[in-house]
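Come along while I look things up.

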Amino acid sequence: MGDTLHIDWTSCDGRGLCTELLPQLLARDDWGYPLARHGDRTNVGIGAGDSQAARDAVALCPRLALSLKTAP
Amino acid sequence: MTPRGTAMVGEEREVASLATHRLFAAGPNADLASHALAFGPVPLDRVDYSFISVVEASGLTGRGGAAFSSWRKMAATGQARGGRAAGPAVVANGAEGEPLSFKDKALLAHSPHLVIDGLLVAGRALQAPLMYIYATPAVLPVVGAAVAARGDARRIKVVPAPETFIAGQASAVVNSISTGIALPTDRRLRLGESGVKGRPTLVFNVETLAHIALIARHGAARFRSVGSDRDPGTRLVSLSGSCADQVLEVEGDASLARILSTAGVDLAEVQAVLVGGYHGRWVRPLDYRLSPAGPESHVVRPGAGVIHVLPATGCGLEATARIVRYLAAQSARQCGPCMFGLPAMSRVLDAIACGEQDPGLPGELARLGHLVGGRGACHHPDGTARLVGSALETFSDDVAAHLTGRCTRSAGGHHG
C-alpha cells in the first residue's frame, strides 16, 4: 500500500477545500463531504503526482481533519 | 424492548439435540462455589504467551459481531507491545447496545466467573497490567460482586457502559474507559497499537473470553469437538420476535431452522428472520446455516448472535423502516455521511414502507446505502446500509407491491 490521506470523519465538516485541491481523488457527496473516487474512502490512496496537493490539503483543512500516512 | 437479563439457556425439553451447555454449565446465577464445582480451577500458572497458539488451534472467532480471529487479535496486541515499557490493556466488552441482543447480559448475570477467568487468562498471556470489564447497568452489581469475591481478580476494574447502540463499538469502549465518553473515535492507529491510556489494547466480547476460559482448561480439541471446521465450537444466540425471548447456546454452523425449532418457533408461521441484529441481514426461506464463513447463498453471518423472527403476518419493509429510524437516531452525529445519510435512507425507506408510488425510491435507497459505506469512525453507516440492502433483496416482492400501492402482508392495506 502506498501513501494515504486519512480523513478523520469526526472532525470533517464538509468545507470542501480538499476536494478543490485534489479533484482527481475526491468528489463531494450530497452534503458536501469528501467522497473518494476510487478505493478506500477513509484512507485515500494518493499517487506520487498528488503528494504536494495532499500536503497542502492537510495544512489548509480548517477542521484539521486530514493527515498523511506514509507507507512503511 | 427491555433486554431480559434473566433470560436463561433453553428450557430443558428440546435442547438435547442441538443446544449445548458449555458456558452455563454452572447453572443459573452461578456463584464462585458453584462455578468452581462445575468447571474446576483455571490453570492460570500454565498460561503464557504460547497460549495464543492454543487459541489459534481452537479456531475461536470473536463473538461480539465481527467474528475476527481471536488469536490474531491477541498476537497483534502482543507484538505491538514489543519494546514498550507500558504493557497492554485487555477489556472484556459486555456492552451489547443491540436492542435485540441479551446473551451477554445473560452470560454476565449467570456465569460471571467464566468471563473473569477468560479475562485473567488473556491478561496473563499478554502480561497485561490493566484489565477491565465493561458492563451495562443491569449486570453491573453482579459483575462487581463476582470480581470482589475473588482474590485473583483484584486488578480487574469494572467500568459501567451506557445502553446506547454504539457504546459497544471497540473504539467507543476504549474512549469510555479512558475519558468517560462512550463515542467512537477516529482511528489512525489500530487499538492493538494504541488504545486505553495509549497502550496496546485488546477488546474482547465477554462471550469470547468465556470460551477462552474453557480453552485454557480443556484445550483446543475439546472446543472443536462440536461445530464445523469453518465454525468450530459453540455460540450464544439471543432469540426474539414471534417466540419467547431466550438465550440458547448452539453448536457452530448450526442450521437456522433447527435453532428456531429448538426455540419452539412454528416454522410455518415464519416469514423471514433477521440474523445478526440491526446491522444484520434478513433471510428467507430458512435453509441457512449460521456461520461467520461460507457462501452467502447458504450461510448467514451470526454477528453478535441475534435471531429475530418476523411472523407471516408482519411486513418486512415496515419492520426494517422502524429499525432504520432507530439507527438514524442512534448516530453519534460525529461523522457527516452518517449524520445526514442515515436519516436520508430512513426517509426513503419510510416512503416505500408507506406505499408511496415512486418507482425511483428503491434505486435512491441503494444509492444512499452505497454512498455512506466506509465513511465513518465506526461501522454504524456500513451496518445500516447492509441491513437496508438485505431488506430490498429479501422483500423485493413486497417492494414491488408497495410501489403499486399494495402491501402483500397486512390485511388492512398500508401501515402509515
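Below are my entries, one topic at a time.

**Entry 1: what kind of model**
I note before anything else that this is a predicted model.

**Entry 2: where the two chains meet**
How many residues of chain A are in contact with chain B? I found 16 residues of chain A in contact with 22 residues of chain B. I then looked up the area: the two chains bury about 1,600 Å² between them. Carbon and sulfur atoms account for 54% of that area.

**Entry 3: charges and polar pairs across the interface**
I looked for salt bridges next, and the count between chain A and chain B is two. One that I can name links Asp30(A) with Arg367(B). Their closest N and O atoms are 2.6 Å apart.

Which strands of chain A supply at least two residues each to the side that touches chain B? My list reads strand 1 (4-7), strand 3 (34-36) and strand 5 (66-69). Strand 5 of chain A gives the most, with three residues. I also sorted the residues on this side of chain A by kind: seven are nonpolar, four polar and five charged.

**Entry 4: a stop at Asn43(A)**
I stayed in chain A and found Asn43(A) in strand 4, which covers residues 43-45. Is Asn43(A) buried or exposed? Its relative accessibility is 19%, so I count Asn43(A) as buried; the cut-off for buried is under 20%.

Setting aside residues up to four places away in sequence, Asn43(A) touches Thr4(A), Leu5(A), His6(A) and Lys69(A). With Lys69(A) there is also a polar contact, side chain to side chain, at 3.4 Å.

**Entry 5: a sheet in chain B**

I followed strand 10 (residues 289-290) of chain B to strand 11: two bridges join them, and they run parallel. Leu290(B) stands opposite Val300(B), which belongs to strand 11 of chain B.

**Entry 6: Leu120(B) and its surroundings**
Leu120(B) is in helix 5 of chain B, residues 112-125. Its relative accessibility is 6%, so Leu120(B) goes into my notes as buried.

What is in contact with Leu120(B), apart from neighbours within four places in sequence? I listed Leu44(B), Met131(B), Arg150(B), Asp152(B), Ala153(B) and Ile156(B). I also checked Phe39(B): Leu120(B) is 81 residues from it in sequence and 15 Å from it in space, C-alpha to C-alpha.

**Entry 7: a glycine in a loop**
My last stop is Gly219(B), in the loop between helix 8 (206-218) and helix 9 (220-223) of chain B. Gly219(B) has 22% relative accessibility and therefore counts as partly exposed. Pro99(B) is 120 residues away from Gly219(B) along the chain, and their C-alpha atoms are separated by 34 Å.

Note on methods. Residues numbered from 1 in each chain as written. Chains lettered and ligands numbered in written order. Predicted model: local features only at pLDDT ≥ 70, side-chain atom pairs only at ≥ 80, totals over all residues. Heavy atoms only, no water. Contact = heavy atoms within 4.5 Å. Buried area = accessible area lost by both parts, 1.4 Å probe. Salt bridge = Lys/Arg side-chain N within 4 Å of Asp/Glu carboxyl O. Helix = DSSP H or I, 4+ residues; strand = E, 2+ residues; numbered from the N terminus. Nonpolar A, V, L, I, M, F, W, Y, C, P; charged D, E, K, R; others polar. Pairing = 2+ DSSP bridges. Buried < 20%, exposed > 50% of the residue type's maximum accessible area, 1.4 Å probe, protein only. Polar contact = N/O pair within 3.5 Å; in protein donor to acceptor, adjacent residues only side chain to side chain.
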